[in-house]
Amino acid sequence: GMMRDLGVFMFILVAFILSYGVTRQALQMPNSPVDWTLLFNVTRVAYWHIYGELFVDEEEGYVPGPWYVSILQAAYMLVSNVLLLNLLIAMFNFTFQKIQDNSEQVWRF
């Protein structure tokens with residue numbers, strides 16, 4: 001039911017966070033050493049960008065790297081906030097409607 005939907009959504013969310021985080025990290029800091037802090041930074045920044053945290057105090061108000069990193073960041077924040085939230089609502093609504101239809105059938109017989 002709903003837990004399965006939540007699991008599918010979390011898988012999509014993690015794939016979304018990792019794909020954006022890796023792309024952003026590769027564009028902004030292409031020569032970063034490969035270690036555990038790299039994985040932490042990739043997931044940390046991408047996760048907090050979903051909530052609108054831009055880390056402006058750390059980056060002095062601008063997004064370092066090529067000009068299209070800002071466009072990528074804006075597109076990610078828009079898609080993650082609008083599309084993924086609507087996807088979660090639609091999945092839960094579909095499951096709830098399916099359970100509701102089944103409960104009416106069980107109640108009648």
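Q: Before we look at rings, what counts as an aromatic pair here?
A: Rings of Phe, Tyr and Trp (its six-membered ring) pair if their centres lie within 6.5 Å, and planes under 30 degrees apart count as stacked, over 60 as edge-to-face and the rest as tilted.

Q: OK, and how many aromatic pairs does the structure hold?
A: There are six aromatic pairs in this predicted model. One of them joins Y47 and Y51 edge-to-face, at 5.1 Å centre to centre and with 75 degrees between the planes. Another edge-to-face pair is W67 with Y68, where the centres lie 5.4 Å apart and the planes make 85 degrees.

Q: Which residues do ring pairs link into a cluster?
A: F16, Y20 and Y76 are linked that way.

Q: Back to W67, is it buried or exposed?
A: W67 is exposed at 64% relative accessible area, while Y68 is partly exposed at 38%; buried means under 20%, exposed over 50% and partly exposed in between, with a 1.4 Å probe and protein chains only.

Q: Switching topic, how many salt bridges does a search of the whole structure find?
A: The search finds one, a salt bridge being a side-chain nitrogen of Lys or Arg within 4 Å of a carboxyl oxygen of Asp or Glu. The side chains of R4 and D5 form it, at 3.6 Å from N to O.

Q: Are those two buried or exposed?
A: D5 counts as buried because its relative accessibility is 8%, whereas R4, at 57%, counts as exposed.

Q: What should I know about the numbering and the cut-offs on confidence?
A: Residues are numbered from 1 along each chain as its sequence is written, and side-chain values use heavy atoms, with hydrogens and water left out. Because the model is predicted, local features need pLDDT of at least 70 and side-chain atom pairs count only at pLDDT 80 or more, while totals for chains, interfaces and linings use all residues.
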